[in-house]
Amino acid sequence: MSELRWDPIKQHWVIIATDRGRRPRDFRVEEAGDNAGVCPFCYGYEDKTPPEIFAIRKSGAPNTPGWQVRVFANKYPALRIEGDLKSRGYGLYDVREGIGAHEVIVETPDHNKSMADLTVDEISNVLKAYRVRLLDLRKDIRFRYMVLFKNHGTRAGATLSHSHSQLIAVPLTPPVAATELKVCRDFYSVRERCIFCDLIEFEIAEGARVVKESPDYLLITPYASCFPFELRLYPKRHSHDFALMTDAELLELAAALKDMLMRVKKVLKDPPYNFILHTVPPHQPRPGKPDYWGSIQWDYHWHIELVPRLTQIAGFEWGTGFYINPTSPEDAAAFLREADI
């Protein structure tokens, strides 16, 4: 069973996931062109994965070929869905049972296609799978937050090259999300405006960091980018919850997401990257905090962050929390804006 452990000095939680069985030799990094042997995410090998939870299919019964997008529990989960929430003290430390959910979303049956290579309709199907699984996991009152992310390439943490995303539900609000949610709530409580809407309006007027503006979406390089060619994709119209998007809206997002991925692939020669979907936590009552999410519909704005893994975090970053970015976001935006896609 995994555990969540609290560090009272650094003020963060760590998941100790011994079920994943990593030994020192497993951390040697070798950038491989492809995984040798059988790929469990390909057609015909559905029995190599846990049973599917959800799928979008052209044909066929569950756990057989014919699917377009397929979702199943991670075979080596960071957190497990079985069990009860338990919290205890351990000296100065806090420990919680590793309760949660860890799912894999296989984005295409084609082993050789990246997400950037998919059609807009195919990406829309992936986004529909995201929506279905977020809405389903929110029904479990043990879960406080869902982290939906994609690791592309070995250096970005992908252990299989077949294109896939992951969804992890956790029993507490992670510090990064908690900080962002608090900033939005505090800004709204004073100004009665969404801080993201103000940011979007400013960036469009400024223009220097805009990579692509469409009628519905804005793609920018953040003003204080931690990493070279870091990107953020925002819906221009205020929207707090990704999971409430309609099919038509998801199709528009799929076009904007494909544009972003194609620019990164073209300019940076298909680099390893991570992207993360930031959206609202489950709207569940919190004991003693009846108004905890009272303004979230107006103060929060869902968005996607993408970080190409071009540099590494070293001693200075680890020791200070500061990041050194050798490429200005203005220069990065110009390169990406001018990409011929």
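Axes here are lines fitted to C-alpha atoms, for helices over the stretch in contact, with angles from 0 to 180 degrees between N-to-C directions. I'm working on a predicted model, where local features need pLDDT of at least 70, side-chain atom pairs count only at pLDDT 80 or more, and totals for chains, interfaces and linings use all residues. Residues are numbered from 1 along each chain as its sequence is written, and side-chain values use heavy atoms, leaving out hydrogens and water.

**Helix pair.** I looked up helix 2 (residues 175-191) and helix 3 (residues 195-206): their axes come within 9 Å and cross at roughly 85°. That makes the two helices roughly perpendicular (65 to 115 degrees; under 35 is roughly parallel, over 145 roughly antiparallel, the rest oblique). Helices are DSSP runs of H or I with at least four residues, strands are E runs of at least two, and both are numbered from the N terminus.

Next, the contact (heavy atoms within 4.5 Å). E180, V183, C184 and F187 of helix 2 meet I195, F196 and D198 of helix 3.

I traced an open, antiparallel sheet of 10 strands, ordered 3-4-7-9-8-13-14-12-11-10; pairing takes at least two DSSP bridges between two strands. Strand 3 (52-57) and strand 10 (210-213) are at the edges with a single partner strand each, so one side of each has no neighbour in the sheet. Ignoring direction, neighbouring strands are turned by 15° against each other on average.

I then checked strand 8 (residues 145-152) against strand 9 (residues 164-170): they run antiparallel, joined by 5 bridges. Y145 has V170 in strand 9 as its bridge partner.

**Helix on sheet.** I found helix 3 lying across strands 10, 11 (217-220), 12 (231-235) and 14 (303-308), at about 70° to strand 11.
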